[in-house]
Amino acid sequence: MKMKGRSIFTYDVYAPTTVTTMLRPRRQEGQSIIQEGFNIEPPVPFSEYTDLYGNPCQRTILPVGRVTITTEVQAQVNPTKPIPNPAPAYMLVGDLPDDVMHYILPSRYCQSDLHEINMLALEIAGNLTPGYDQVEAIRTWIHNNIRYQYGVSNAATTALDTAYSRVGVCRDFTHLAIALCRNLCIPTRMTVGYLDKLKDMDLHAWFEVFIGGEWYTFDAVQEKTEGYRIEIAHGRDAADVAMVTQYGNAALQSLHVEVELLEAEQ
C-alpha cells in the first residue's frame, strides 16, 4: 500500500536557535521510500547525520522570526506485521543479541527498575506465559485503564507518573508499556511516525518488542494493533526520538499533520 505523510511545524524564533530534527523517514525493511521532502522557510542551510539507532537526523540554526519546517514522505508500506500463531517464544536474557541488550535497561522516561513498576507488571502479567502473552496483556491493560487526553502531561512526564495518574497521550501510553515490559526482561523500544488509523491526526508513538528473534509492533492507544505505518525513528524512549530538539529561544506555534492512504501499486 502506498502511504503519504506530511507534517508542518511553525515556530516563532526570538533569537538564532540551533535545532536538531528527526523528521525524515527511516529506510528499512517493510517500508520503501518513494519520495520525500524536507524544507525550511525561510531557507537556511542544514547538515545531516545518522544517530546511534540508525535514525536520519538534521541540524540547523533557525533565524529570528516566523519559521516553518515542512516534511513530506510517500512510501510503500506493509500492514502492521501480525503476530504468528503460535506466538513467538520468550528469549532468555542470556540469548539476546548484543544490539538489543540496552532495550531491557531503565531509561529516562521508562523507570523499569522501580518497585512500583515491578508490582504493576506482576499484577498485570505475572501469571502469564513469558513473552507475547505478557506484552499483549500489558498493551490491553493500558488501553483499558489509561484515559487518552491532551494537555494533562508534558515533556517531563514519566512512565511512573502515568501509572499513578492513569491519563495521557500516545507518548505516555508507550512509556508505561515500555517500562512494564522491560521490568519483565522483554526488550522494548519506542517508535514514532505516521499511522493511518488515528481519531485525532497527529504524529504517533507506539512500542516494539523483541520476541522470537524479531521486532513486533504493539500499540496501546488502539483497541487492536493494526493499520499502516511509516516509521521515522526508534530509540529507548522519547529522549531518543524527539522530532525537534531546540537549543535556544523558539516557541512552537502549531503542528499540522496529514496522513493519507493511496491506492496500492498494481
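Guide: Buried means under 20% relative accessible area, exposed over 50%, and partly exposed in between (1.4 Å probe, protein chains only). This is a predicted model, in which local features need pLDDT of at least 70 and side-chain atom pairs count only at pLDDT 80 or more, while totals for chains, interfaces and linings use all residues. Residues are numbered from 1 along each chain as its sequence is written, and side-chain values use heavy atoms, with hydrogens and water left out.

Visitor: Is Thr 20 buried or exposed, then?

Guide: Thr 20 is buried, because its relative accessible area is 16%.

Visitor: And where is Thr 20 found?

Guide: Thr 20 belongs to strand E2. Helices (H or I, at least four residues) and strands (E, at least two) are DSSP runs, numbered from the N terminus.

Visitor: Which residues does Thr 20 touch?

Guide: Apart from residues up to four places away in sequence, Thr 20 touches Tyr 49, Gln 58, Arg 59, Met 243, Val 244, Thr 245 and Tyr 247. Contact here means heavy atoms within 4.5 Å.

Visitor: What about Thr 17: where is its place?

Guide: Thr 17 also lies in strand E2, which covers residues 17-21. Thr 17 counts as buried because its relative accessible area is 0%.

Visitor: What does the side chain of Thr 17 reach?

Guide: The side chain reaches two backbone atoms: the oxygen of Ala 15 at 2.6 Å and the nitrogen of Asn 249 at 3.2 Å. Such polar contacts are pairs of N or O atoms within 3.5 Å; within protein, one must be able to donate a hydrogen and the other to accept it, and residues adjacent in sequence count only if both atoms are side-chain atoms.

Visitor: Which other residues is Thr 17 in contact with?

Guide: With neighbours within four places in sequence set aside, Thr 17 is in contact with Thr 60, Ile 61 and Leu 62, and also with Gln 246, Tyr 247, Gly 248, Asn 249 and Ala 250.

Visitor: How many residues lie between E4 and E5?

Guide: There are five residues between them, and the two strands form a hairpin. Gly 54 in that turn has a positive phi of about 85°.

Visitor: Changing topic: what is the order of strands in the sheet that contains E3?

Guide: The order is E3-E6-E1-E14, an open sheet of four strands with antiparallel pairing. Strand E3 (31-41) and strand E14 (250-261) are the edge strands, each pairing on one side only.

Visitor: How many bridges does E3 share with E6?

Guide: E3 and strand E6 (residues 65-77) pair over ten bridges in the antiparallel sense. Within E6, Thr 71 is the bridge partner of Phe 38.

Visitor: Which strands form the open sheet with E10?

Guide: That sheet also has four strands, in the order E11-E10-E9-E12, and its pairing is antiparallel. E11 and strand E12 (229-235) stand at the edges with a single partner strand each, so one side of each has no neighbour in the sheet.

Visitor: What joins E9 to its partners in that sheet?

Guide: E9 pairs with E10 over six bridges, and six bridges join E9 to E12. Arg 189 stands opposite Glu 208 in E10, and Gly 193 has Glu 231 in E12 as its bridge partner.

Visitor: How many residues of E10 are buried?

Guide: Eight of its eight residues are buried. In a regular strand the side chains alternate between the two faces of the sheet. In E10, His 204, Trp 206, Glu 208 and Phe 210 point one way, whereas Ala 205, Phe 207, Val 209 and Ile 211 point the other way.

Visitor: What do E10 and E11 form together?

Guide: E10 and E11 form a hairpin with two residues between them, and Gly 212 in the turn has a positive phi of about 60°. E10 pairs with strand E11 (residues 214-218) in the antiparallel sense over five bridges, and Ile 211 stands opposite Glu 214 in E11.

Definitions and conventions
Two strands pair if DSSP finds at least two bridges between them.
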